[in-house]
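Student: Please take a close look at one part of this model for me. I would like the sheet first, then a single residue in its setting.

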Amino acid sequence: HLEVKGASSQEAGSFQTITIQALDDAGYRDFGYVGTKAVKLSGASVTVTNSKPSCIDRQGRLKNFGTLTNLDFVNGQATCQMVLYKVETAHIDAESGSFNSFGNEAWDLDVNVLAAGTGVASGLIDAAPNPVLLNGVVTVTVTTLDEYGNQTYDAGSVLTGSVVGANARILTLNDEGNGTY
């Protein structure tokens with residue numbers, strides 16, 4: 001069978017080296033499993049921005065999960081650089097011919113994917129009630145997103161914005177500690 005190893009957490013959009021090992025029935029590495037093997041990786045999701053989980057093949061090409069990725073096995077193991085984008089707990093599995101990591105949950109790699117920490121790329125704005133009555137109170141919620149569409153929780157303690165029109169004003173939005181302002 002195959003077993004996938006690597007780090008248990010990863011920031012969206014960053015790479016980590018994963019190792020795919022061929023193991024015999026007793027759980028020992030199969031040192032005879034060598035050469036270029038076509039491996040299909042699975043277990044991570046595509047984001048709302050259509051960023052796809054991928055791994056770099058033996059020729060340096062980024063290959064999407066679900067497609068065959070040629071990796072060089074030496075002494076029963078191969079490595080590749082994996083990039084994930086969607087915030088989730090991904091369960092990374094590998095298969096190559098009749099070998100795979102599906103038979104036991106301990107054989108896959110569970111990765112907690114965290115929102116990208118490079119700052120806020122966009123935001124969602126919601127106002128309630130909508131429409132508002134004249135001189136009524138409006139609650140504005142801003143949800144910040146990373147470049148892959150994942151909700152972020154670290155945009156800063158205060159955001160500012162402005163309202164234009166007949167009742168123009170500057171808004172100060174305070175961090176609610178849950179990814180909204």
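Tutor: In this predicted model, 5 strands make up an open sheet, ordered β1-β3-β8-β5-β6. The pairing is antiparallel. Two strands sit at the edges: β1 (2-5) and β6 (62-64). Each of them pairs on one side only. From one strand to the next, the twist averages 35°.

Now take one pairing inside that order. Strand β3 covers residues 15-22, and strand β8 covers residues 77-83. They run antiparallel and are joined by 7 bridges. For Gln16, the bridge partner in β8 is Met82.

Is Ser51 buried or exposed? Ser51 counts as buried, because its relative accessibility is 15% and the cut-off for buried is under 20%. The side chain of Ser51 makes a polar contact with the side chain of Thr49, at 3.3 Å. Leaving out residues up to four places away in sequence, Ser51 touches Ser45, Val46, Tyr85 and Tyr148.

Finally, the chain as a whole. The secondary structure comes to 15 strands and 0 helices. Of the 181 residues in the chain, 32% are buried; Ser51 is one of the buried residues. Among contacts with a separation of 6 or more, 59% are between residues 24 or more positions apart. The accessible surface is about 10200 Å², and carbon and sulfur atoms account for 50% of that surface.

Notes. Residues numbered from 1 in each chain as written. Predicted model: local features only at pLDDT ≥ 70, side-chain atom pairs only at ≥ 80, totals over all residues. Heavy atoms only, no water. Buried < 20%, exposed > 50% of the residue type's maximum accessible area, 1.4 Å probe, protein only. Polar contact = N/O pair within 3.5 Å; in protein donor to acceptor, adjacent residues only side chain to side chain. Contact = heavy atoms within 4.5 Å. Helix = DSSP H or I, 4+ residues; strand = E, 2+ residues; numbered from the N terminus. Areas by Shrake-Rupley, 256 points an atom, 1.4 Å probe, with all protein chains shown as cover. Pairing = 2+ DSSP bridges. Axes fitted to C-alpha atoms, helices over the stretch in contact; angles between N-to-C directions.
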